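Please read them alongside the coordinates.

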Amino acid sequence: MTGDKGADGDRPQLLYDGQCPVCSQYCTLLRTGPGGLDLIDARTRPALLDEVQSLGLDIDEGVVLKIGDKLYAGAAAINAVAEFSDSASWLGRLNRWIFKSRFRADLLYPALRNGRGLLLKLLRRPKINEVGPGVE
């Protein structure tokens, strides 16, 4: 997590699966940016995960971005997160270019989500909802 200020909601929060190597690498890429985004492993924040799921969002179907009272899930989340990418690094610029387009985010995100599911199976790691929050 970077700069996690808790549940006060004053910074955007990206909720992701810390047991997924691809999700973690993506967040590492985001972490290289100038800041302004809290990166939160959903497995370690059960209260936030419960809040998200009570609104009908499934963290196993994609990352969730919380900005104030608004929630963005999946492709919409990575589209919004593109603005937080580090424009000083080539990976950050590539991420921003790819995902700042809602069309490209909508096109690519299902493959990324399905790839995550396959990778977790290959690594024999359970999805978040298979074990519940707070269990690693």
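1. Ile128 belongs to helix α6 (residues 128-131); helices here are DSSP runs of H or I with at least four residues, strands are runs of E with at least two, and both are numbered from the N terminus. Ile128 is buried at a relative accessible area of 0%, where buried means under 20%, exposed over 50% and partly exposed in between (1.4 Å probe, protein chains only). The C-alpha atoms of Ile128 and Asp17 are separated by 7.3 Å, although the two residues lie 111 apart along the chain.

2. This is a predicted model, in which local features need pLDDT of at least 70 and side-chain atom pairs count only at pLDDT 80 or more, while totals for chains, interfaces and linings use all residues. Residues are numbered from 1 along each chain as its sequence is written, and side-chain values use heavy atoms, with hydrogens and water left out.

3. Asp17 also takes part in a salt bridge with Arg116 (2.6 Å, N to O); the criterion is a side-chain nitrogen of Lys or Arg within 4 Å of a carboxyl oxygen of Asp or Glu. The pair joins distant parts of the chain, Arg116 being in helix α5 (residues 102-122) and Asp17 in the loop between β1 and α1 (21-31), 99 residues apart. Both partners are buried: Arg116 at 8% relative accessibility and Asp17 at 2%.

4. The structure holds seven salt bridges. Another of them links Arg11 and Asp38, with N to O at 2.9 Å. Arg11 sits in the segment before β1 and Asp38 in strand β2, 27 residues apart. Asp38 is buried, with a relative accessible area of 1%.

5. Arg102 and Asp106 form a salt bridge with their closest N and O atoms 3.0 Å apart. They are four residues apart in helix α5, so about one helical turn separates them. Arg102 is partly exposed at 42% relative accessibility, and Asp106 is partly exposed at 38%. Elsewhere, salt bridges with shared partners join Asp17, Arg43, Asp60 and Arg116 into one network.

6. Strand β1 (residues 13-16) is covered on both faces, with Gln13 and Leu15 buried on one side and Leu14 and Tyr16 buried on the other. Strands count as paired if DSSP finds at least two bridges between them. Leu14 stands opposite Leu39 in β2 and has Leu65 as its bridge partner in β3.

7. In helix α2 (residues 46-54), Leu48, Leu49 and Val52 are buried. They lie on the same side of α2 because they cover an arc of only 100° around the axis, taken from the directions from the helix axis to the C-beta atoms. Ala47 and Ser54, on the other side of α2, are exposed.

8. How many disulfides does a search of the whole structure find? It finds zero, the cut-off being a pair of cysteine sulfur atoms within 2.5 Å. The cysteine sulfur closest to that of Cys20 is in Cys23, at 3.2 Å, which is too far for a bond. Cys27 is in no disulfide either, and its nearest cysteine sulfur, that of Cys23, is 7.1 Å away. Cys20 is buried at a relative accessible area of 1%, and Cys27 is buried at 1%.
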